[in-house]
Amino acid sequence: MSEIRVRFAPSPTGKVHIGNIRAAIYNWLFARHTGGKFLLRVEDTDLERSTPEAIQVLFECMEWLGLDYDEEVFYQTKNVKRHLEVVEQLLASGHAYKCEKTSRDGKTGTVVMFKMPKEGVIEFDDIVKGHLSKKAEDIQDFAIVRSDGSPIFHIANVVDDIDQRVTHIIRGDDHVENTFKHICIFKALGASVPKYGHLSMIVNQQGKPYSKRDGAAFVGEYREQGYLPEALFNYLLLLGWNPGDDREVLTREEMIDLFELEKVHVTAAMFDPKKLAWMNGEYIKKIPADKFKELLKAKVNVQGQGEEWWDYLANQVQPRTKFLNDLKTSCAYLTTDDFEMDPKAVEKRLAKDGVKATLLDLIERFSKVEKWEAPALEELVKGLSQGNGMGPWVHPIRVAVSGKTEGIGLFEMLQLLGKEKTLSRLGVAAEKYAK
RNA sequence: GGCCCCAUCGUCUAUCGGCUAGGACAUGAGCUUUUCAUGCUUGUAAGAGGAGUUCGACUCUCCUUGGGGCUGCCA
């Protein structure tokens, strides 16, 4: 019984497309689930785009998502000699022939063509798409070596899969047609044909392949925007697969345990940034409190506060955060007195008749408070409202103190700011904005 | 044009012939006697169309329609 071996074989272009990385995720999960090996092959035959930097980006994306691979990285360019040897073999056995051809851009030269069978049916059982077949006559001979002598994808891909002893090829839908060709190469070489699983595409709202025009299409962009790798991983996994019950947020262990290629969907899936955002929030809530506090400290620059203060803030902020990158702006009022005032908020809550009097009254009352803590402050304002809504007090305070209409609990916010800052900001608001 | 594939709420999906068609995101309403980017309750919302098989079809078959992929000296 030979072990299961799968590979992720991207061509490094400097960016890793989400559809591509989903294929990597499925390969990885399949390998981990079955106890097989997950291999990384860099198809770097396009010398112009395959720079060391581009390969580095690939590695970083893999690592960010926790896609660790077994065995050494396999570089396609290092196997060119083998590719060409195999072509000689095909030439000798009559499975390939040389031919004069004119390319699209008008260059004429001699290429090596693979000779397709002229009759019969080529078929295979795709693990996700089911039985697929095609008449041999519907597939034309195709080039495997360019006129400059370099091997083409089809031959390189197959030879590498043979050399890496790949047993299952899990890749994008766009390779289905190639598969019929590749199977013929495997057979011509007397090699065993691997099993295939073709993944549907990730599409945009128009049902077209998801591209950079539709939003963030590359892994790096999600990283920059402050998405958690676990959230992207989980979301991409759900785009075409589910555990068979209502669970959606899954631990890595559950994913490995439950993943089955047979259950992967055949249909294309539309990418929904909103659901990803929701999932990111779910993962942010799962961050251990201590770790979240450290992340918060890194994003929000406030000096001279103790651990207790940070714990309190983190506790307030964590459940309301969907993107770590938002922390800096959502907490801006804590880091500087020169924070931005939302004009709409000012207009709605401060620039109204009577607000000035309210604020001045509050300043007077607040300045008498000795124990500057949220519950006491809340009691005070509650007393003012006399059982009616606290809106007339709460809204102006919030805007005066933070410049926004939204954020953490108001009284918690005041406690965190401290008495002095609260009073001075109420004063500024009364002078500058209120009527 | 030719070949191949696909089709359940707006979106991701459950259903492997018995369905009052379930869940999640989004969205509407309400509650949490302050904010919401938290939490809870709740509403709207789906089987493309047509034949057939069957006691019974979202589930099986065929056709139509619609969508996608491929058709390179790209991968």
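In helix α17, residues V394, I397, R398, V401 and S402 meet L410, M413, L414 and L417 of α18; two residues are in contact here if their C-beta atoms, placed from the backbone, lie within 7 Å. By class, this contact of α17 with α18 has seven nonpolar, one polar and one charged residues. Ala, Val, Leu, Ile, Met, Phe, Trp, Tyr, Cys and Pro count as nonpolar, Asp, Glu, Lys and Arg as charged, and the others, Gly among them, as polar.

This is a predicted model, in which local features need pLDDT of at least 70 and side-chain atom pairs count only at pLDDT 80 or more, while totals for chains, interfaces and linings use all residues. Residues are numbered from 1 along each chain as its sequence is written, and chains are lettered from A and ligands numbered from 1 in the order in which they are written. Helices (H or I, at least four residues) and strands (E, at least two) are DSSP runs, numbered from the N terminus.

The axes of α17 and α18 come within 10 Å and cross at roughly 40°. Axes are lines fitted to C-alpha atoms, for helices over the stretch in contact, and angles run from 0 to 180 degrees between N-to-C directions. The crossing of α17 and α18 is left-handed, that is, the near helix is turned anticlockwise from the far one by less than a right angle, with clockwise counting as right-handed.

Helix α18 also packs with α16 (residues 374–385): their axes come within 8 Å and cross at roughly 125°. That angle makes α16 oblique to α18, since angles under 35 degrees count as roughly parallel, over 145 as roughly antiparallel, 65 to 115 as roughly perpendicular and the rest as oblique. Here A374, L377 and E378 of α16 meet F411, E412, L414 and Q415 of α18. This contact has four nonpolar, one polar and two charged residues.

Another helix pair is α4 (residues 153–163) and α5, which pack at an angle of about 60° with their axes 10 Å apart. Helix α4 is therefore oblique to α5, and their crossing is right-handed. On the α4 side H154, I155, N157 and V158 meet N178, K181, H182, I185 and F186 of α5.

The model also holds RNA strand B, which 66 residues surround, the closest being S103, F153, E177, M270 and R320; a residue is near a strand if its C-beta atom, placed from the backbone, lies within 6 Å of it. Among the elements that give two or more residues to this surface are α5 (176–188), α17 (391–402) and α18 (410–417). The surface near RNA strand B has 20 nonpolar, 24 polar and 22 charged residues.
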